[in-house]
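Me: Please take me through the terms used for this model, and set each value against its definition.

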Amino acid sequence: MDQIWVDMYNAAKAVLGGKRISDYVTAGEVSAAVRSKSGKIYVGVCIDTCSTLGICAERNAIFNMITNGEYEIDRVFCIPPNDGKGAPCGACRELMVQLMPGRYKDIDIMIDYSKGLVMKLGELTPEWWID
Ligand SMILES: [Zn+2]
């Protein structure tokens, strides 16, 4: 596994940790790191609320990247609960597709860190409504 994935794991791990913020909001049970094309790593945590106001860790990390003036994703890494494996949900995939039409298929997604299993977003989203 290359050092970039290790750096992304460490960045995501640094912000991981479930917290109850109020009676209605928890955060940090999942964390993510997104690497932009410039090579910078942006992190985000999931935020869970009542009434579906929350956000996935991946989208939070992507929004962090956008907030900082970058719009091209190179890689996505997520630490799901219990260090398990997992792929981005449909909403996160949709955001990446809409953010990078014509280019999203080359985004590398870490599926299982313990096995070093990486897939392209194009493999995870075949026949999407946007090419
Ligand atoms: Zn998601």
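This is a predicted model: local features need pLDDT of at least 70, side-chain atom pairs count only at pLDDT 80 or more; totals for chains, interfaces and linings use all residues.

Me: Why is Leu-16 called partly exposed?
Reply: A residue is buried if 20 or more other C-beta atoms, placed from the backbone, lie within 10 Å of its own, exposed if 12 or fewer, and partly exposed in between. Leu-16 has 19 C-beta neighbours inside 10 Å and therefore counts as partly exposed. Leu-16 sits in the loop between α1 and β1 (19–20); helices (H or I, at least four residues) and strands (E, at least two) are DSSP runs numbered from the N terminus.

Me: Is Glu-127 buried or exposed, and where does it lie?
Reply: Glu-127 counts as exposed because it has 5 C-beta neighbours inside 10 Å. It lies in the segment after α4 and has a positive phi of about 55 degrees although it is not a glycine.

Me: Why is Gly-54 called partly exposed, and which residues is it in contact with?
Reply: Gly-54 counts as partly exposed because 15 C-beta neighbours lie inside 10 Å. Two residues are in contact if their C-beta atoms, placed from the backbone, lie within 7 Å. Leaving aside neighbours within four places in sequence, Gly-54 is in contact with Cys-46, Ile-47, Asp-48 and Thr-49. Gly-54 and Val-25 are 29 residues apart in sequence and 8.3 Å apart in space, C-alpha to C-alpha.

Me: How do you know that the buried residues of α3 are on the same side?
Reply: The buried residues of α3 (residues 90–99) are Cys-92, Arg-93, Met-96 and Val-97. They cover an arc of only 135 degrees around the axis, which puts them on the same side of α3; the arc is that of the directions from the helix axis to the C-beta atoms. The face turned away from the buried side carries the exposed residues Gly-90, Ala-91 and Gln-98. The cover over the buried residues of α3 includes α2 (57–67), β4 (73–79) and α4 (121–124).

Me: What makes α2 roughly parallel to α3?
Reply: The axes of α2 and α3 come within 9 Å and cross at roughly 25 degrees. That makes α2 roughly parallel to α3, since angles under 35 degrees count as roughly parallel, over 145 as roughly antiparallel, 65 to 115 as roughly perpendicular and the rest as oblique. Axes are lines fitted to C-alpha atoms, for helices over the stretch in contact, with angles from 0 to 180 degrees between N-to-C directions. In this packing, Glu-58, Arg-59 and Ile-62 of α2 meet Ala-91, Cys-92 and Leu-95 of α3.

Me: Which residues touch the most other members of the largest nonpolar core?
Reply: A nonpolar core is a set of buried Ala, Val, Leu, Ile, Met, Phe, Trp, Tyr and Cys residues joined through C-beta atoms within 7 Å. Of the 35 residues in the largest one, Ala-32, Ala-33, Val-34 and Ala-61 touch the most other members. β3 gives the most to this core, with 6 residues.

Technical notes
Residues are numbered from 1 along each chain as its sequence is written.
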